[in-house]
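Open the model in your viewer and keep the selection tool at hand. The tour begins at a ligand and then moves through a set of helix contacts.

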Amino acid sequence: MTTLTKTEDAPAPTGPESFLSVRDLRVQFSTEDGIVKAVDGLSFDIARGKTLGIVGESGSGKSVTNLTILGLHNPRTTTVDGEIVLDGKELVTATDRELEKLRGNKMAMIFQDPLTAMSPYYTVGRQLSEPYMKHMGASKKEAKDRAIQMLEKVGIPQPKVRFDDYPHQFSGGMRQRAMIAMALMCDPELLIADEPTTALDVTVQAQILDLLKDLQQEFGSAIIFITHDLGVIANMADDLLVMYAGRAVERGSVKEVLGTPKHPYTWGLLSSMPRLDGDINTELTPIPGTPPSLLNPPSGCRFNPRCGFTDKVAGGLCTTTRPALADGRAAACHLTAEQKQAIFIDEIQPRLR
Ligand code: ADP
Ligand code: MG
């Protein structure tokens, strides 16, 4: 076991309004090459009925964070430190049995890859109805009716017939939809959607997003939504968390973060992604370089090797000192508030038009 030190991140706001509270979460993998520090001192909150969007390049720790919340990491190779509190229940220290129970009806995940969630050996119908019987105490008939209804809601044609199919008899897009139905079967209070609609066409995608909103309206569910699609974020999320190399670099309401981003990484990310208004004439600027290896990440701010503004910070702080992420609307960066504002207005905003 590695000894973990406290980070300088101020805790995000807590209180009765926080349904899921993540505090100083650290997730490390032991590999042949060394320790991968995949998540490094992450804190965030979600209230009931709210959606938190998470954005960040591949490898920034989005999926690892969410698999850890669900307790789906491999305990033999993974060290988890910090706190995850869901509706008053501590999950980092919870037993496998407790977590399994919670995964049934309290929390559920829509995975990037449906094959992660579905077994090839059982029919789709059985995989939908069994957890429902177990967790909701439903009869076989009730569970089957519910499964057929959910398959219909996610747009599977002939759901009564399809109930008896195996996953391999479904197309990729249908498997994705069946998995979404599976995640929604027990009306989870926390739903984690990890790039849930990437493989789906626009019409089906809109249908699924509506379904998630319905779930939220009816049950006050909290949703974590991971996507590369800023349009989806703007449409679905209340708050936005920007992750880089296992840390949160910026957070705020969606409007604040997309409208007046404050972190150089967020500036780079937004300049490299198609804008919401879809102006095809806007040139996209990729962020120079690549994300760091998490075996041996840069000291100080993990973004410093790719940042164009470190020379504006006195004393070489960017390479020596981790910038803290303050409460509420915040960016973890050593630039002063005045510098951030001036750079945004002069250099970044014109590029985002
Ligand atoms: P994202 O979802 O943001 O694209 P991930 O959360 O999947 O990124 O991965 C974060 C980092 O953790 C990556 O560098 C990835 O290679 C590493 N990682 C994920 N799972 C494991 C594992 N089981 N063992 C070792 N490293 C892992
Ligand atoms: Mg991922």
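**Stop one: the ligand**

The residues around ligand 1 are F29, T31, A38, E57, S58, G59, S60, G61, K62, S63, V64 and L294; a residue is listed if one of its heavy atoms lies within 4 Å.

Before going on, note what you are viewing. This is a predicted model, where local features need pLDDT of at least 70, side-chain atom pairs count only at pLDDT 80 or more, and totals for chains, interfaces and linings use all residues. Residues are numbered from 1 along each chain as its sequence is written, chains are lettered from A and ligands numbered from 1 in the order in which they are written, and side-chain values use heavy atoms, with hydrogens and water left out.

Now pick out polar contacts (pairs of N or O atoms within 3.5 Å). Start with G59: one of its backbone N or O atoms lies 2.7 Å from an oxygen atom of ligand 1. Go to S63, where a side-chain N or O atom is 2.8 Å from a ligand 1 oxygen. At V64, a polar backbone atom is 2.8 Å from an oxygen atom of ligand 1.

**Stop two: helix 4 against helix 7**

Select residues 124-136 for helix 4 and 172-184 for helix 7. Helices here are DSSP runs (H or I, at least four residues), numbered from the N terminus. The two pack at about 15 degrees, axes 9 Å apart. Helix 4 is therefore roughly parallel to helix 7 (angles under 35 degrees). Axes are lines fitted to C-alpha atoms over the stretch in contact, and angles run from 0 to 180 degrees between N-to-C directions.

Show side chains. V124, Q127 and L128 of helix 4 meet A178, A181 and M182 of helix 7; contact means heavy atoms within 4.5 Å. By class, five residues are nonpolar, one is polar and none is charged.

**Stop three: helix 4 against helix 5**

From helix 4 come V124, L128, S129, Y132 and M133; from helix 5 come K140, E142, A143, K144, R146, A147 and L151. This contact has seven nonpolar, one polar and four charged residues.

**Stop four: helix 2 against helix 4**

Finish with residues 96-105, helix 2. Its axis comes within 9 Å of the helix 4 axis, crossing at roughly 110 degrees. Helix 2 is thus roughly perpendicular to helix 4 (65 to 115 degrees). Which residues meet here? E100, K101, G104 and N105 of helix 2 meet K134, H135 and M136 of helix 4. The contact divides into one nonpolar, three polar and three charged residues.

Key:
Angles under 35 degrees count as roughly parallel, over 145 as roughly antiparallel, 65 to 115 as roughly perpendicular and the rest as oblique. Ala, Val, Leu, Ile, Met, Phe, Trp, Tyr, Cys and Pro count as nonpolar, Asp, Glu, Lys and Arg as charged, and the others, Gly among them, as polar. A polar contact is a pair of N or O atoms within 3.5 Å; within protein, one must be able to donate a hydrogen and the other to accept it, and residues adjacent in sequence count only if both atoms are side-chain atoms.
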